[in-house]
Amino acid sequence: MKKWIGLGLSCLLLAGCWDERQLKERSIIFGAAIDAPSKEEIAFTVAIPEPGNEQKPASTKQVISATGRTVRESTRKIDRKASAVVEIGKMRVLLISKESIQHDIYPLLDDLYRNARSPLNAKIIITEGKAEPFFRNEIEGEPLYSTYYHTLIESAEDSTMVPNTNLQRFASPLFDKSDGEAAMAPLITFNKEEKMAEVKGTALFNDRRIAGELSVAETTVLLLMNDEKGKDATLTFPMGKEENMTIRIEKMKRKMKLHMPKDGPASVDLSYQLSYRVTDYPPGHLEEQKVVKKVNKKISDEIKQSMDKTMDKIKEAESDILGIGLSMSAKDPDRFKQLKWENAYPELNVKIHVKAEIIESGITF
Amino acid sequence: MAVWRSGEDDPLSLTAGGNTKPQSNDSSLFSLSAAENTKQLIDLLGKSGDLKERTFSYEKAEGRLLYFETIVDSGRIEESILRPLSETDMQNVEEALTVLEREEIADPDKAIAALMQGKVLLFLEGRSVCIACGVETFFLRSIMEPANEKVIRGSHDGFVENLNTNIALIRERLKSPGLMIEYVQLGQKTNTRVAIIYEKEIANPELVEELKRRVNSIDMDMMFDPGFLEDMVEDSTLSPFPQVLNTERPDRAIANIMDGRIALFGDGSPTCIIMPVTFFALYQSPDDYNARTIPGSFYRLLRFLSFLIAILMPGLYIAIVGFHLEVLPADLILTIKGGVQTVPFPPIFEVLAMETAIEIIREAGVRLPTPIGQTIGIVGGLIIGDAVVSAGFASRTTVIVVAVTAISSFVAPSAEMSTATRLIRFPLMILASLFGFYGLMFGVVLIAMHLCKLESLGRPYFAPLAPFRLKDMLRDTFIKQPAWKKKTRPLDSHPIREGAEFGSREWVKK
């Protein structure tokens, strides 16, 4: 009888306890780094934060690394070292070194895409040099490194300096093979003297490997071309002798016209209509119609030129960030198949038209 | 047992058939001798210390008075009975009596019942009936605002322990000839007078009949009002939710009577029981009707929100900390983790212990006199709470959750509802600790099912949500419309007269 009471009680009160994951018995990680010098060797690093209190802000408690043949093996090895089971569910940044993705990025992410608890809104960041030191090096005034990288990228996204990407958005170009859509991810570097990380630009992908890099200014132009303006986007252009003008893009309209003749190569017309605000222009006199006309023309030309240059760069990297291939396959799938996009894209004739218009030249806010 | 209507018969004449049954066989009718009659009654009653007999012998009148000296007004006996008798020159002596309420009783059982009510029995020599004269004395508490149903604006009076005063308070506000008051005497030993009050032009007769059926079936020695009365007439006594509305406020009582509900009063208690009610009626406060529409609606919604907080918050906390840590935003998770890190107990024990502590503090505070009660609140709430956290027995978050929950549960304008919400959260907490959000959801679904099934006096308790009636929901359930929009009464009490407002806002043209 006693046995049955005990059994009944444990059935009632212990039901579901195998699913329990007590917050206090888990190591929450906010950031992870992957270095994969070769296919057989994947070094996984996690940064375990320490909760803060009134006196002391939250900080990085431990940085643990382990090397295995797969990401999951490496995490299991980290569990051997860490005081509690590592919980990846709240990860906010995933740093991957540029060297690791020379061939294929997917094996490094596979575990994350399989895991039901994996954080799909974590930012993927490509690092110049090894990724592990980004958590090992001290960053001045930022005790919680993972949060620092997260806010660094988020604010860069807002000002259209890096593409807005995360684990989930990153996936779709990876899984679509040879269909004209490419991934990109922010690229950062570590400045040892200043004890700071810095956004360097963007890593361009061709299918699953890294294929090129863009600077921050080029990234902004590329994102504008792709109609992905963040909260604000500023560009600086030379205006004649020793004079520069900084503008903030306010509104933007893109029109993409695809030409796919039955015979002959395909071409694209990209026309942009944008309005901007002058934030920095010492010579002034923007109240005069004549000057405004001149400036508009000059800015339109400058934007067109930088867009042309950026277009050349991504064509060279064979990275179809603008998704032109995707639009073409949607418009005429049969013709798209004939085109053989991998070969056709670098040769694609892209005509860019820009019409920029000043809407505000006074006080900026 | 029968029910008497006001106006048709005097309440005095009623006897509880039940309580006299065992005696009716061995008592005979009155004789012509006053001395014999009183002796007969004294024998029947036994010699109680406060039972007094007084003989008088005037020119015309000769007889005896029998009364309980503790419940009669001796001044009025002198003024209205003895003096007129001594001064009368009429042949028919009883005509001289100046008491307002008098009645001839021929049956000793009825005479005893009247004696118990505080009447004076007057026996005249040569007559085989006694005259019961109403000279009861009242010990009245002054009419004060009920401490547990305070309002900011509106009337500040409350019911008292005397049934007649309470009915007077209702009649004073509701001067309608349709206001019906029916008395029943309950409790074989206590003989408690119970009144059923309703507006006959509005209340559904079927519901009135049903309540009368339930009240008339009550057969017990003692009527402990209002708890016993509530237990006897409620539909489902084991449900955590109260299916009657208890109020000590006359304005709340008449508002409900005017909505076609029925009020039940017991003598000796200031609490009025109102049936049928809905879940939502228990969240309506008289304050809402005195407030303007937008603030009234806001506070009404706030009360429902606090109901949800009161039943769900501890469960949610346990589920999140034990199962679903991913739902916490990154910035919050570290703070919460920092709190629970050093706590030696699983969250369910932590929260259960804190909840129990709060309940103990509350119970202690209710029992103690006000000055000490406040001290207990401070010691319990502040000192223990702070010490528990700094000693590391419970996390700060737990203390916050428990405190917010406790405060939310007290928002309900009905004390019974507030107790109900505090009890429901315990099973929900255990479910959450077993199955996380799934368990919590199952618990909530079970509660919803129970609420949909529950009835109050045979009427749906969860109306107007189930059965669904959007019109009522927007009128006076979740929000409070202005008075001129309340064209019809709520349907949950099935009133026979639906219209309640007839274009008051269509102002007469200038």
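Modeller: Chain A has 11 helices and 14 strands, where helices (H or I, at least four residues) and strands (E, at least two) are DSSP runs numbered from the N terminus. This is a predicted model, in which local features need pLDDT of at least 70 and side-chain atom pairs count only at pLDDT 80 or more, whereas totals for chains, interfaces and linings use all residues. Residues are numbered from 1 along each chain as its sequence is written, chains are lettered from A and ligands numbered from 1 in the order in which they are written, and side-chain values use heavy atoms, with hydrogens and water left out.

The C-alpha trace of chain A spans about 95 × 55 × 40 Å along its principal axes. Of the 365 residues in this chain, 52% count as buried; buried means under 20% relative accessible area, exposed over 50%, and partly exposed in between (1.4 Å probe, protein chains only). With contact defined as heavy atoms within 4.5 Å, 66% of the contacts in chain A between residues at least 6 apart in sequence join residues at least 24 apart.

At the interface, 26 residues of chain A are in contact with 26 residues of chain B. The two chains bury about 2100 Å² between them, 62% of it on carbon and sulfur atoms; buried area is the accessible area (1.4 Å probe) that two parts lose on being put together, summed over both. On the chain A side, Leu23(A), Lys24(A) and Lys90(A) lose the most area to chain B, together 35% of what that side buries.

Two salt bridges are counted between chain A and chain B, each being a side-chain nitrogen of Lys or Arg within 4 Å of a carboxyl oxygen of Asp or Glu. Arg21(A) forms a salt bridge with Glu326(B), and their closest N and O atoms are 2.8 Å apart. Helix H1 (2-14), strand S1 (26-28) and strand S3 (41-50) of chain A are the elements that give two or more residues to the side touching chain B. H1(A) gives the most, with three residues. That side of chain A divides into 12 nonpolar, three polar and 11 charged residues; Ala, Val, Leu, Ile, Met, Phe, Trp, Tyr, Cys and Pro count as nonpolar, Asp, Glu, Lys and Arg as charged, and the others, Gly among them, as polar.

Salt bridges also occur within chain B. Asp476(B) and Arg300(B) meet in one at 3.3 Å, N to O. This pair links helix H16 with helix H10 (residues 293-322) of chain B across 176 residues, and both partners are buried. Glu359(B) and Arg425(B), likewise both buried, form a salt bridge with closest N and O atoms 3.5 Å apart. Glu359(B) lies in helix H12 (residues 347-367) and Arg425(B) in helix H15 (residues 415-453) of chain B, so the pair ties together parts 66 residues apart in sequence.

Within H12 of chain B, Arg367(B) and Glu363(B) are four residues apart, about one helical turn, and their side chains form a salt bridge at 2.7 Å, N to O. Arg367(B) is exposed at 59% relative accessibility, while Glu363(B) is partly exposed at 31%. Shared partners join Glu355(B), Glu359(B), Arg362(B), Glu363(B), Arg367(B), Arg422(B) and Arg425(B) into one salt-bridge network.
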